[in-house]
Amino acid sequence: MKFHFWFTTRELEPLLQGGHMSGLKTSRRILASTAAIALAVGVTVASGTSANAAEKPVTGGTLYFVTNAEQFDHIDPARVYTGRDIAFLNSYLYRNLVSYKPVAGSAGSSLVADLATNTGVPSNAAKTWKFTLRAGITWEDGSPITCADVKYGVSRPFASDVITDGPQYLVQALDIPTDKDGASVYKGPYKKTGQAAFDKAVSCSGNTITFNLNRSFADFNYALTYPAGAPVKASKDTGDKYDLRPFASGPYKITSYKIGDQLELERNTAWKKSSDTVRTPYPDNIVVRFGLAEDVRDQILLEDQIPNTVSLDSLQPANTRAFFADPTKKSQRFNVYDPYVRYAAMNVKKGHMDCLDVRKAVFFAINTQALIDLSGGREFYGDPGDNPVKPVLGLDYKKTTGNIHDANWKITGNPTYAASLLEKAKTSCPDAYSRATAADKGIVWDIANTATNQKAAVLIGDATKAAGINMKFNFIPSGQYYSTVQNRDKQNDISSAGWGADWANASTVIPELFTKEGGFNLSQNWDDAAYAAFKKKSDATKVETNRTKQAKGWQELSQYVMDQYWIIRPVFSKTQDVWGSQVGGVYYWEPQGTFGFGQLYVKN
Amino acid sequence: MADAALKEELNSEESQEIVQRTPKQIAWTRFKRNKVGVYAGIATIFFLACSILAPVITRIVGVDNTTIYDGVLNEFAMPIGSWGGISWQHPLGLEPGVGRDVFALLLYGSQLSFLVAFISTFAAIAIGMLIGIATGYFKGKVDSTVGRFADFLLSFPGTFMIIALSLPLVQRVEAIGIAHDNAARILVLVIFLVFFGWTGFYRLIRSQTMSLRERDFVMAAQAMGASSWRIIMKELLPNLWPTAIVFISLSLPGYIAAEATFSFLGVGVQAPASTFGLVLSDAVGYWRDDPAYLLIPCIILIAIVLALNLLGDAVRDALDPKAGR
């Protein structure tokens with residue numbers, strides 16, 4: 001799936017460009033470095049489905065959305081990568097071969113057929129996937145959606161000079177040769193270089209499209225929930241400008257889109273309910289109002305000034321608290337676990353955190369309670385975690401041993417035990433010990449320069465000092481944070497980070513974070529003695545087609561990661577969303593980490 | 001008898017009229033007459049003393065600027081109790097999020113603020129004085145060159161330069177190894193403030209020097225064959241001191257405010273150290289939940305700057321009553 005919407009375009013661009021240049025996989029759901037501030041403060045809440053779910057939905061009216069952002073980062077299907085935007089656009093504007101089930105709870109993470117008649121038929125050890133289009137599906141001008149349109153849509157992400165920032169799953173997985181830099185020989189539908197290779201990998205026969213992949217990919221259909229696999233009508237493709245006016249296949253089409261002002265949607269009369277089992281378009285019009293000052297946006301919601309409004313952003317911390325403290329707004333909010341795990345990555349490269357005892361000493365010294373309180377408390381920020389994989393992933397999560405379940409771990413920090421670990425390091429790895437304790441050296445922690453992080457640094461510095469560790473902080477401007485720490489030479493000893501699974505499979509977490517080929521490896525662990533065994537098992541688990549066996553593999557690998565302390569203090573974080581009193585049908589769509597937009601309606 | 005008494009009376013009257021008062025004494029009398037100035041002076045001395053004696057005062061009160069207090073913040077890391085957790089133990093409340101004592105933070109913070117302000121002021125004045133006298137006295141090519149350079153600096157958007165260049169410069173200073181962390185940041189900030197700050201004073205001194213050098217007593221000295229060095233040190237400098245003192249007393253509050261502004265904007269010292277600017281920029285994020293945390297440092301900063309400004313005005317009035325406001 002996607003970057004979270006906290007990620008501004010500015011933060012995203014350097015990352016993705018870096019990925020293209022090096023021919024590496026681009027990373028996807030990196031948590032915005034400044035996110036901690038967005039979350040905060042409040043009182044208890046109900047979660048999941050709105051209390052009024054039993055009410056009968058109403059057709060008609062105008063549904064408003066408000067946001068502080070100036071625009072959607074992208075609305076071109078091949079370029080959108082933010083969970084919230086994918087959910088919004090997939091619900092209203094365009095359709096994919098498959099979709100997540102539009103229901104609350106973990107059932108929402110299962111797939112349903114959308115444009116296709118089923119959720120895909122794998123063969124050849126899941127290296128070949130076939131989808132058959134259903135009848136009666138049309139574009140907004142009434143013309144039918146064909147297999148060629150799907151094929152054309154899939155070809156667009158290959159034009160990396162025009163179609164930037166989108167997910168790269170199809171580019172990486174389709175069986176198309178790569179040149180010596182690791183880039184695909186197919187250069188997209190505009191240049192048409194290597195078209196023959198693409199035609200071989202993606203072929204149409206009547207209404208059936210076949211994808212040939214370069215590896216076993218048991219959950220390839222999940223990758224097709226990304227609109228990067230959505231059909232695009234070649235005659236309507238305007239290249240870079242398609243990002244302003246995509247041609248609609250869903251129940252709504254764009255009336256106007258002005259960046260910094262608003263996006264207006266009206267009903268797409270060519271869309272037929274009979275061809276769509278996923279969407280239930282209730283409102284007549286949908287309006288997204290951009291660029292509202294945060295105070296104005298919060299006021300609209302707090303005072304219910306426009307009752308048919310949904311906020312696309314979390315409110316400011318103090319306002320979130322006020323909103324959640326108001327008993328009359330009980331059915332206008334949810335507070336749920338978001339898809340992210342926030343953690344501190346240990347750079348275990350030689351000369352950095354290459355000593356297990358020192359890594360452990362840092363972990364046991366830290367006052368976790370104070371850090372969580374600082375960002376909004378357990379109620380609103382999240383819980384101490386024990387795993388790089390979040391429990392919402394279901395199958396792949398299993399409670400680990402050690403770390404926060406260690407008898408010596410205290411939520412407010414245990415400097416005595418940390419000091420004893422450090423004492424052990426004196427003999428087990430004297431170099432690392434002297435680096436960690438010497439006044440002129442110390443451990444350097446990379447952290448984004450935000451007000452909250454400045455305070456976190458004070459808390460961490462105080463706690464580690466009590467254990468005898470000299471901790472220093474490298475504050476990096478938020479917009480440059482990930483591009484800096486992803487530079488292997490610039491990354492220091494410890495780096496704060498956040499990551500969410502792209503779909504309900506830890507194959508989008510463990511290999512990404514902890515193998516050398518991964519898009520977001522901040523552990524630099526490939527020289528570590530423990531790496532070879534890990535890598536072998538990770539590779540085997542990635543291509544395992546038995547889901548139960550695969551889940552067991554991820555569970556064991558998570559345990560391995562935690563035992564090596566390649567990451568420390570994961571936090572299973574939360575998010576809060578609010579809406580006006582006349583909005584009905586609201587629920588939290590788990591796989592997208594946001595509203596289930598398609599079921600929203602305006603009450604009478 | 002009567003005659004003698006009368007004579008004595010006359011004498012004493014006469015002596016009263018004749019009593020010669022030095023310019024210093026005249027200025028001091030004028031200053032004492034200005035009630036506002038006196039109070040401002042007392043307040044300034046009080047603030048300075050508090051700042052210098054910060055370690056002693058915090059020990060007496062029983063707080064510390066580095067201790068993170070337990071059990072003073074609630075589950076959202078906000079101070080427990082009204083008005084930002086003000087109590088006998090923590091007279092100005094507690095820092096939200098972390099739990100340090102605001103009184104101790106501000107006391108130690110004021111040390112840094114005063115340090116930056118004093119160093120910047122005196123460095124700027126020393127440079128301005130030196131160059132001002134040199135160019136004003138010798139004139140010629142040097143004068144015009146320096147003058148153009150000063151014009152260039154005066155018309156330069158210094159604030160933007162400080163914000164834009166401070167990070168790379170701090171990194172450079174750290175790489176060279178002159179200073180590290182906050183020491184490097186303070187050094188860079190002071191260098192910037194001085195670099196853009198000396199020109200105003202230089203212009204003042206230059207114009208005064210130019211008018212002084214045409215005066216008779218300087219001409220006389222020149223005629224007697226006094227060296228330039230002697231003329232500058234003995235004839236010109238004593239006449240420039242009042243200007244310098246006035247300028248110092250008016251620059252100080254300016255630099256204190258500037259330091260607060262720049263650390264508010266993220267230039268200058270960083271946590272765990274604290275200055276007024278840092279505390280204020282932190283407090284802005286909490287103004288809804290903990291207005292006291294914003295108001296208290298604001299009021300103290302205003303009081304300090306106001307006291308220094310009023311003192312500066314009083315000093316100017318005392319030393320140079322003819323100068324218009």
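Me: Two residues are in contact if their C-beta atoms, placed from the backbone, lie within 7 Å. Helices (H or I, at least four residues) and strands (E, at least two) are DSSP runs, numbered from the N terminus. What do the buried residues of H4(A) pack against?

Reply: This is a predicted model, in which local features need pLDDT of at least 70, side-chain atom pairs count only at pLDDT 80 or more, and totals for chains, interfaces and linings use all residues. Residues are numbered from 1 along each chain as its sequence is written, while chains are lettered from A and ligands numbered from 1 in the order in which they are written. The buried residues of H4(A) are A:Cys147, A:Asp149, A:Val150, A:Lys151, A:Gly153, A:Val154 and A:Ser155. Their packing partners, in chain A, are helix H5 (169-173), helix H6 (195-201), strand E6 (202-205) and E7.

Me: How many of the nine residues of H4(A) are buried?

Reply: A residue is buried if 20 or more other C-beta atoms lie within 10 Å of its own, exposed if 12 or fewer, and partly exposed in between; C-beta atoms are placed from the backbone. Helix H4 (residues 147-155) of chain A is largely enclosed by the rest of the structure, because the number of its nine residues that are buried is seven.

Me: Helix H10 of chain A is mostly covered. How many of its residues are buried?

Reply: Helix H10 spans residues 356-365 of chain A. Its buried residues include A:Leu356, A:Arg359, A:Lys360 and A:Phe364. They pack against strand E12 (333-346), helix H13 (415-428), helix H14 (430-437), strand E14 (443-448), helix H15 (451-466) and E17 of chain A. The buried count, out of ten, is ten.

Me: Is A:Gly553 buried or exposed?

Reply: A:Gly553 is found in helix H19 (residues 547-564) of chain A. A:Gly553 touches A:Lys537, A:Thr541 and A:Glu544, not counting residues up to four places away in sequence. With 21 other C-beta atoms within 10 Å, A:Gly553 is buried.

Me: How far apart in space are A:Gly553 and A:Asp396?

Reply: In sequence, A:Gly553 and A:Asp396 are 157 residues apart. In space, C-alpha to C-alpha, the value is 8.3 Å.

Me: Which residue of E17(A) does A:Asp383 stand opposite?

Reply: E13(A) and E17 (residues 567-578) pair in the antiparallel sense over three bridges. Opposite A:Asp383 stands A:Phe572.

Me: Which residues form the covered face of strand E5 of chain A?

Reply: E5 runs over residues 128-132. Its uncovered face has A:Thr128, A:Lys130 and A:Thr132. The covered face is A:Trp129 and A:Phe131.

Me: Which residue takes a positive phi in the hairpin of E4(A) and E5(A)?

Reply: Strand E4 (residues 121-123) and E5(A) pair in the antiparallel sense over three bridges. A:Pro122 has A:Trp129 as its bridge partner. Four residues lie between the strands, and the one with a positive phi near 55° is A:Asn124.

Me: Over how many bridges do E5(A) and E7(A) pair?

Reply: A:Thr128 stands opposite A:Asn212 in E7(A). E7 (residues 208-212) pairs with E5(A) in the antiparallel sense, and the number of bridges is five.

Me: At what angle do the axes of H5(B) and H6(B) cross?

Reply: Axes are lines fitted to C-alpha atoms, for helices over the stretch in contact, and angles run from 0 to 180 degrees between N-to-C directions. H5 (residues 102-138) and H6 (residues 140-154) of chain B have axes that come within 7 Å and cross at roughly 135°.

Me: Which residues of H8(B) meet H6(B)?

Reply: H6(B) and H8 (residues 181-212) of chain B pack at an angle of about 125°, with their axes 9 Å apart. B:Ala150, B:Leu153 and B:Leu154 are the H6(B) side of the contact. On the H8(B) side are B:Phe196, B:Thr199, B:Tyr202 and B:Arg203.

Me: How many residues of chain A are in contact with chain B?

Reply: Chain B brings 14 residues to the contact. From chain A, the number is 15.

Terms used: Pairing = 2+ DSSP bridges.
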